[in-house]
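Here's a quick briefing to read with the model open beside you.

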Amino acid sequence: MNGITGLVLQGINNIYTVSSDSDRNILHCRIKGKVLGTSERMYNPIAPGDLVQVDQTASQHGMITGVLERRNRLIRWNMKRKLPQLLAANIDAVICVTSVDLPPFRPRFIDRVIVCAGDIPIAILVNKDDLSMDRMMLERLDTYRELGYPVFRVSAAAGTGFDCLREFLQHKLTAVVGQSGVGKSSVINRLIPAASQRIGDISVKYNRGRHTTNYAALIDAGTFSLIDTPGIREIQVPPMPLPEIGSCFPEIDALAGSCRFQPCLHRDEPDCAVISAVERGEIVYDRYESYLRIVQSIEELQDDF
């Protein structure tokens, strides 16, 4: 049977696991020729959450002939390959997992995830809540709440704090992003106890190895689904028009229209409403500094993209 539409669950070594829409049959597919070739240079052309067209070639195998139009996508910049890397597609939310310690809380990592997410709703999840938080961390979490970002605090080790998180996830496809070591996989296994076994089975069969979250995978829990993305030490925002960065900072976006110059990058322009707000203490300086660093990092990428 040909002409199947399916949902991409994961991709390993150019083999994509696809669940067919019609009968939930699992197919292991390759991309057919260069049919997915576009003018956009990407590290990977398909990601979990993508809807694809498949020609079935055997009972469990097929060839991907096309990708349906995406309603959104989550992308980061792959520093090694110097290309944008697609992490997830067609998602309802992003959860950025951080931790109290080991590794330490890093708000600028969160800010970069927020910019990568763009218009996709994002929540912040603090793992290792059994450890004590310092005043700086508590104040920064309050800032995120005031800006409209849901903040959840859990302990994957103790299994506490998950009820509100599960409620947030209901009827959503959510991408989970986090630094290596924050306990992202442990959080997912608390939410979906069967996840570790299911991912492990697929890894051994098709990757000849054990699951270490070095690829993204979609996991269905029935009433919600998660996309477990690879753990990373740093996240780099992909190239984008510099004026768009400010729109990802709600406190900057709210004042941008009042700046004398349009568009304004809020760095050293005269009569900048954002700079004035920073000087008055109405915008948290560290958030403003985070914005400036993202702008600078994207400027430095221009020659590579």
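Helices (H or I, at least four residues) and strands (E, at least two) are DSSP runs here, numbered from the N terminus. By that scheme, Pro-263 sits in the loop between helix H7 (250–256) and helix H8 (273–279). Keep in mind that this is a predicted model: local features need pLDDT of at least 70, side-chain atom pairs count only at pLDDT 80 or more, and totals for chains, interfaces and linings use all residues. Residues are numbered from 1 along each chain as its sequence is written, and side-chain values use heavy atoms, with hydrogens and water left out.

**Helix H1 and its cover**

- H1 is mostly covered, with ten of its eleven residues buried; buried means under 20% relative accessible area, exposed over 50%, and partly exposed in between (1.4 Å probe, protein chains only).
- The buried residues of H1 include Phe-109, Ile-110, Val-113, Cys-116 and Ala-117.
- Their cover includes strand E6 (73–78), E8, E9, H2, strand E11 (173–178) and H9.
- Just after H1, Gly-118 takes a positive phi of about 65°.

**How H1 meets H9**

- Two packed helices are described by the angle between their axes and the distance between the axes.
- Helix H1 (residues 107–117) packs on helix H9 (residues 285–301) at an angle of about 60°, with the axes 10 Å apart; axes are lines fitted to C-alpha atoms, for helices over the stretch in contact, and angles run from 0 to 180 degrees between N-to-C directions.
- That makes H1 oblique to H9; angles under 35 degrees count as roughly parallel, over 145 as roughly antiparallel, 65 to 115 as roughly perpendicular and the rest as oblique.
- On the H1 side, the contact (heavy atoms within 4.5 Å) is made by Pro-107, Arg-108, Asp-111, Arg-112, Ile-114 and Val-115.
- On the H9 side, Asp-286, Arg-287, Glu-289, Ser-290, Arg-293, Ile-294 and Ser-297 take part.
- Sort the residues of this H1–H9 contact by type and you get four nonpolar, two polar and seven charged; Ala, Val, Leu, Ile, Met, Phe, Trp, Tyr, Cys and Pro count as nonpolar, Asp, Glu, Lys and Arg as charged, and the others, Gly among them, as polar.

**Nonpolar cores**

- The largest nonpolar core has 58 residues, and those with the most contacts inside it are Leu-74, Ile-91, Val-94, Ile-245 and Tyr-291; such a core is a set of buried Ala, Val, Leu, Ile, Met, Phe, Trp, Tyr and Cys residues joined through side-chain atoms within 4.5 Å.
- H1 gives this core its largest share, seven residues.
- Apart from this core lies another, of 22 residues, among them Ile-95, Leu-165, Val-176 and Ile-188.
- Leaving out residues up to four places away in sequence, Tyr-291 touches Ile-245, Gly-246, Phe-249, Ile-252, Leu-265 and His-266.

- Most residues other than glycine have a negative phi, and most peptide bonds are trans.
- The peptide bond from Leu-102 to Pro-103 is cis, with omega near 0°, and Pro-103 is found in the loop between strand E8 (93–99) and H1.
- Leu-102 itself has a positive phi of about 55° although it is not a glycine, and at 65% relative accessibility Leu-102 counts as exposed.
- A cis bond also links Gln-262 to Pro-263, with omega near -5°.
- Lys-128, in the loop between strand E9 (122–127) and helix H2 (135–146), has a positive phi near 65°.
- Lys-128 is buried, with a relative accessible area of 19%.
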